[in-house]
Amino acid sequence: MFDLIIQGGQVVTPQAVGIMDVGVQGEKIVAVGQTGTLSAQAGRTIDARGKIVIPGGIEPHAHIGIPVPEFWSGQADVMTQPPEAASRAAAFGGVTTIIDFAGDLSFAESSGQAPRSIMEVIAERREVFRTHSYTDFAFHYILAGEVAPVTIGEIKEAIQEGVGSFKIFTTFHPIRVPYGHLWPIFEEVAKHGGIMAVHAEEDEIVRYMTEKLKREGRAQGYNLHLVHNNISEDLAFRHIIRLAKHTGVGIYFVHVTAKEGVAAIEEARSNGMPVYGEALHNYLQFTCEDYKKPGGTAIHTYPAIKFADDREALTAGLADGRLATTATDEYTTYKGPKLWGDMIETVCGGHNGIETRMPVAYAKFVAERGVSLQRFVDITSANAARILGLYPQKGAIQPGSDADIVLLDPNEKKVIALSDLHADSDYSIWEGFQCHAYPVMTILRGKVIVENGKLLGSSTDGRWVKRHVANEVVAKPAV
Ligand SMILES: [Zn+2]
């Protein structure tokens, strides 16, 4: 007797793809078997014939309910959409776990105050989501600026408490962490088995190009790719990889944007280093030429969207295993603030994206490139779970895993319209995108939260999840 049986779908498990039944008891998957072999007795039986049954999507990169800088939006007090809206959109888009960020960006110690403790900041951030999230959630911890030794001393406890990853930026003042400070951070994270999430750009190149383009009257937003450019990515990725080599830390490069970044990751991995790359779904669709269209910077997320050969390198890297995950850099505002800034220093980052990643990835990889369904699951769910410490609780359809399950309908070949989406926003760069499959049911820990366009979940359903990165993930390229 099961609480729920999902019957007759094309189920994607870590071992196989086939017509199977999935049995759920409470919040867990308890059985997966050839269709017809599970006891037919269940509280509810879902007919999944003709559907693809996959683990719930994991969004590894989102910025929800945070202040948007006034120099991007032109107004005070603009926030990215709150957890209710972002997790609602995520649920409709087949995403069941969101990894957002927490961090103390007050730089209190520069004014003589002690920095706040990592776990205190995590606790505060959890409260922002608690009872306000339709999906499960977790946070990368941002270490910013010249990180105080006392904070570095708290990394061990944070990792033990389930904060498996630490985010740093190598550019943007004042959050940029200087290389000197990165060294002990990498050592400490390596020592306790966490992983670094790195936004890698070469700060001196970014600053030099910003000044150069301003001087030459070329500082329009459509030139962002000349500031946050290919050479910057090449240099920064290689600096980070060298420091990782010296300290033994695992690296998760957020938003790889250039063929040079893909090549640096490939080289490190071929030397046995635990280095992983993420690509954002807008980088798989657009190029810097699109910036020049009216309202074209709506597609922009930092660093910057580059050229057609970079787009091809990212897509090929995700298809063949050199890159590991797709993400969105979710940062949803309304169109007004998003398009207010039109110069290289004022274009708003991020986009309204959390709902569209799964269908876009299906179209790009399964439909257009013939990528296997297992690889599709890897780059939308399983790899993020493995690298960031959620596996096998999340990211797998197998007994013992959370019953986070999505049904995709391959006959739902919709063209995305703004009216299909559920964000608190009035634009989408994905309007007009041709899908080849679409999520029609989302199940979070055994509870159906979205079914045929209806929201059935509650914003009290989502829980904070602890993340512990497996030893093998930070010892060698494990995915
Ligand atoms: Zn981001």
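Two residues are in contact here if their C-beta atoms, placed from the backbone, lie within 7 Å. By that rule, Val22 touches Ile6, Val11, Ile29, Val32, Val53, Ile397 and Ile405, leaving aside residues up to four places away in sequence.

Before going further, a word on the model. It is a predicted one, in which local features need pLDDT of at least 70 and side-chain atom pairs count only at pLDDT 80 or more, while totals for chains, interfaces and linings use all residues. Residues are numbered from 1 along each chain as its sequence is written.

The protein is divided into domain 1 (2-55 + 397-455) and domain 2 (58-395), with bounds that come from an automatic or database domain assignment. Their C-alpha centres lie 27 Å apart. Where they meet, 35 residues come from domain 1 and 40 residues from domain 2. On the domain 1 side, the elements giving two or more residues are β5 (52-55), β14 (405-409), β15 (438-444) and β16 (447-451). Of these, β15 gives the most, with four residues.

Now to the interior. A residue is called buried if 20 or more other C-beta atoms lie within 10 Å of its own, exposed if 12 or fewer, and partly exposed in between, with C-beta atoms placed from the backbone. A nonpolar core is a set of buried Ala, Val, Leu, Ile, Met, Phe, Trp, Tyr and Cys residues joined through C-beta atoms within 7 Å. The largest such core has 147 residues, and those with the most contacts inside it are Val22, Val53, Met196, Val198, Ile251, Tyr252 and Phe253. Helix α14 (residues 373-387) gives the most to this core, with seven residues. Both domain 1 and domain 2 give residues to the core, so it lies between them.

## Helices that pack together

Two packed helices are described by the angle between their axes and the distance between the axes. Axes are lines fitted to C-alpha atoms, for helices over the stretch in contact, and angles run from 0 to 180 degrees between N-to-C directions.

Helix α13 (residues 357-369) packs with α14 at an angle of about 140°, their axes being 10 Å apart. That makes α13 oblique to α14; angles under 35 degrees count as roughly parallel, over 145 as roughly antiparallel, 65 to 115 as roughly perpendicular and the rest as oblique. On the α13 side, the contact is made by Met358, Ala361, Tyr362, Phe365 and Val366, and on the α14 side by Leu373, Arg375, Phe376, Ile379 and Thr380.

Another pair is helix α6 (residues 179-191) and helix α9 (residues 230-247), whose axes come within 9 Å and cross at roughly 45°. These two helices are therefore oblique to each other. Here Tyr179, Leu182, Trp183, Phe186, Glu187 and Ala190 in α6 meet His239, Leu243, Ala244 and Thr247 in α9.

## A covered helix and a buried methionine

Helix α2 (residues 83-92) is mostly covered, with nine of its 10 residues buried. What covers the buried residues includes β6 (57-59), β7 (95-103), α3, β15, β16 and β17. After α2 comes Gly94, with a positive phi near 80°.

Met209 lies in helix α7 (residues 203-215). It counts as buried because it has 21 C-beta neighbours inside 10 Å. Met209 touches Leu226, Val227 and Asn229, not counting residues up to four places away in sequence. Its C-alpha atom is separated by 56 Å from that of Gly23, 186 residues away along the chain.

## Backbone details

| Site | Feature | Angle |
|---|---|---|
| His173 to Pro174 | cis peptide bond | omega near 5° |
| Tyr302 to Pro303 | cis peptide bond | omega about 5° |
| Thr131 | positive phi, not glycine | phi near 65° |
| Asn452 | positive phi, not glycine | phi near 45° |

Pro174 is placed in the loop between β9 (165-169) and α6, and Pro303 in the loop between β12 (275-280) and α11 (308-320). Thr131 lies in the loop between α3 (118-129) and β8 (136-142); with 12 C-beta neighbours inside 10 Å, Thr131 counts as exposed. Asn452 sits in the loop between β16 and β17 (454-455), and Asn452 is exposed, with 9 other C-beta atoms within 10 Å.
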